[in-house]
Amino acid sequence: MNDIKEIKSVRTGDKYYKINHKSGLTIYVYPKEKYSSAYAIFGTKYGSINTSFSVDGKEKITVPDGIAHYLEHKLFESEDGDAFTKYSKTGASANAYTSFDKTCYLFSCSDNFKKNLEILLDFVQSPYFTAETVAKEQGIIGQEIKMYDDSPDWRVMFNLLECLYHNHPVKIDIAGTVETIAEITAEKLYEVYNTFYNLNNMVLCVAGNVTVDEVLQICDKELKENEQHKITNYFEKEPYEIVKPYTEQKLTVSVPLFNFGFKEKAGDRMLTAKENAEIDILLTMLFSPSSELYSELLEEGLINSSFSYEVFEGPGYFSILFGGESRNPEKASEKIKDYILKVKSESLSKEDFEASKRACYGDSLSSLNNIESIANTLVSSHFSGNEFFEYTEALAEVTFEDVKNRLNKILDVNNCALSVVKGE
Amino acid sequence: MEILKREQIGNNVFFNTVNDSRFKTMKISVSAYLPLLKETASQNALLCDILTRSCKEYSTLSILEKKLLSLYGASLSSHVKKEGDLQVLTIAVSGLDDKYAFDDTKISSELAEILCKIIFEPNVLNGEFTEQDFKQSLRQLLDTMDSDFNEKRVYAVSRCVEIMNQNSPAGIKRYGDKESAEKTTAKDLYSAWQNLLKSARFEIMYVGDGDSLSTLNIFKNKFKNIERTPQKLLTATFKSDGNVKEVVEEMELSQSKLVIGFETGVSADDENYCAIMLLSAILGGTPSAKLFTNVREKQSLCYYCISRYYRRKGYIIVESGVEGENLERAKNSIFNEVNELTSGNITDFEIESAKLAMINGYKSITDTVTGIETWYLTRILDNKVDTPEETAEKIKTVTKEQLLMLAKNIKLDTIYMLKNKD
């Protein structure tokens, strides 16, 4: 039997359904009244960082860098044709992506929802890899890698991750390199597929003009019960300290870019909704365009409106990243450090706290407009072990004291690194 | 969703409303349409930016941003874009719908007032903007111009567009050029601001569930006090000069870029507009398109190979990123597909799948605030403004004969290659 639970937001009245499907898959359905389209995303908790693993305590297997992404490309082909051709008969707009810790397949459509869901569930469950089809993809992915090699935004981030992480595979490019993908074979693809594309390790999230019944009708038909296995992922021990404080790469750019990151202690679990809420409020107080630091950096010509910050977190890694364009990244990063030292020794402003809390609340509600962002967030919340609405509720609970305490635990100015990309 | 309601509130000033209760946010934008000219493009771009830095009441960016933060993290943004031979300056505010505030803050009316103050009561003294804001805007504009060069895919397409439109306003960059930006003064921006209020065509757009009528009245009163002499806005369909231009530039890169521009002769107000869009989609707009299936999937030459139709000018641009040594092969392969198209080799499956994909896309547009806003703003100058649904219906009725007739008229104009240095 499928176990269906309704989950409601006290604050907005919005609701979704969480279904523990008999096949082992967890399904979320978030109906949006009066919407004209639906968006579905089917994901596995398997990304570029899962290169070393074992199943049910058997021997440890190590696979080439970039294999999760390669698999994503190849899964579109099944023995009875490729998924894009099937979608071309329904009109859905389909895509997929691989990140550090997950691989997701998705579509959006305004008609033929059930047929589209059937195609999605079917092709993700029907791997078909041969030496020939695997070889064909080398050229395509090779060009994808080269496109990213020229992307200053992409390079500046991975160069920073190499400065922050000694051993964690988060520092390795998601698509691997032209050399590592050359080692990928059909056998290796089947091996990772059979390990990670088990329905117990996956999630399906649907939002839009859909009902639970419609989704379950297709799921009951398409999903075969999967036996649960214990997957163990191995990550070498990662020290707290960074690798090196600075790195620089020359690319053909006319305005230099930087990423500046603080490596944080990553526990054996992901951040809770409350911890996330505390950090988001704090970062808004300290670094948003309304902050004292932002004005100063602008005044001194050290940043422009491309300046941004983010919490970068996944299994075994956690850091706080800043990025943007700057004619003097070293000075910008020094100012950020001085400012952090200053706010840590002085006190935070209660007024800023209240305004930032409201702003984070506003942001979290805005994201409920968009069916794509709803379904994507449901996927990440599920994999990190949080419930979707918890974050909005947690924002309301965070106190000024919580935020002050949080500040003392993060943003260690002795544990940060700067990555710069500049012109020749 | 209700459809667009449109009301003229001044000489060439229009207030457009889409009332929609589905969203938790609302958005108001003011767009000014001006001729794109070499002499004024960067001044206008600077103006668009400087207006959002402060105003009489909120005299610094920091004060302004603090105010927005207190309004549940509302946002104020500006952007400049090119629509054919026109330059469009847009300033927008967006924020949470009033009913979600946990106190009685009237977010939407406060935002409407801020937007008005920013446009009509800027921070000017003795006929010029403040030195502080001016310096920031100039520095950031120069950074933005450089930043467009940083992303080579963006840069390569902009070079192709420039080469195609050497003798037309559409060849001018949306931000103008560095030289004229650097020559601009804080005083020039004051004149540009006055000129904007006097002579631009204004399209104000309200999307949300709130009180659009009071916003309409605020703007109506403001424009009442301005003596308006709107400029004529002309934009011409692209016409190739008959010479194929082939330009190769070299740079230190991992991947080379190939961009090819074609004349179609059909732009937004043409009766064949929907058919030409469909034709571009058949060529390279979907994963079942000719370019994706052959250049990428069969020959493994690239990761992306797409075509895009530019509605206001009516050209098609094909772009791809390939290995330097494969540039010629990729070029031939793309031409091969274009020849298939122009010689009428189009299957029913290709037509049907492109139709379905486009119709699906149009029907989804109304599910986001930005989707609705962008849809209408890019079409507001059309002779008749269609809803996404109406466009979807028109796509359905396009015939194969129409496609074959239009395909014959597609002409190569420019080949631009950004080649990696050996």
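A:K74 is buried, with a relative accessibility of 0%. In this predicted model, the side chain of A:K74 forms a salt bridge with that of A:E137, with an N to O distance of 2.8 Å. The two residues come from distant parts of the chain, A:K74 from helix 1 (residues 67-75) and A:E137 from helix 4 (residues 131-149) of chain A, 63 residues apart. A:E137 is likewise buried, at 2% relative accessibility.

Over all chains, the structure contains 70 salt bridges. In chain B, B:E121 pairs with B:K222, their closest N and O atoms lying 2.8 Å apart. Because B:E121 lies in the loop between helix 3 (107-120) and strand 6 (124-125) and B:K222 in helix 8 (residues 212-224) of chain B, this pair ties together parts 101 residues apart in sequence. Both are partly exposed, B:E121 with a relative accessible area of 30% and B:K222 at 26% relative accessibility. Shared partners join A:K74, A:E77, A:K136, A:E137, B:R296 and B:E297 into one network of salt bridges.

Two cavities of 30 Å³ or more were found. The largest has a volume of about 80 Å³, and its lining includes B:V30, B:C48, B:I91 and B:F202. Strand 3 (25-35), helix 1 (41-51) and strand 5 (86-96) of chain B each give two or more residues to this lining, which is made up of nine nonpolar, two polar and no charged residues. The second largest cavity, of about 30 Å³, is lined by A:D150, A:L251, A:T252, B:N150, B:K152, B:E252 and B:L253. Its lining divides into two nonpolar, two polar and three charged residues.

Definitions and conventions. Residues are numbered from 1 along each chain as its sequence is written. Chains are lettered from A and ligands numbered from 1 in the order in which they are written. Side-chain values use heavy atoms; hydrogens and water are left out. On a 1 Å grid over the protein atoms alone, a cavity is a set of points where a 1.4 Å probe fits but cannot get out, and a pocket is an open set with protein on both sides within 12 Å along at least five of seven lines; lining residues have an atom within 4 Å of a point. Grid points are joined across faces, edges and corners, and a volume is the space filled by probe spheres set on the points. Helices (H or I, at least four residues) and strands (E, at least two) are DSSP runs, numbered from the N terminus. Ala, Val, Leu, Ile, Met, Phe, Trp, Tyr, Cys and Pro count as nonpolar, Asp, Glu, Lys and Arg as charged, and the others, Gly among them, as polar. A salt bridge is a side-chain nitrogen of Lys or Arg within 4 Å of a carboxyl oxygen of Asp or Glu. Buried means under 20% relative accessible area, exposed over 50%, partly exposed in between (1.4 Å probe, protein chains only).
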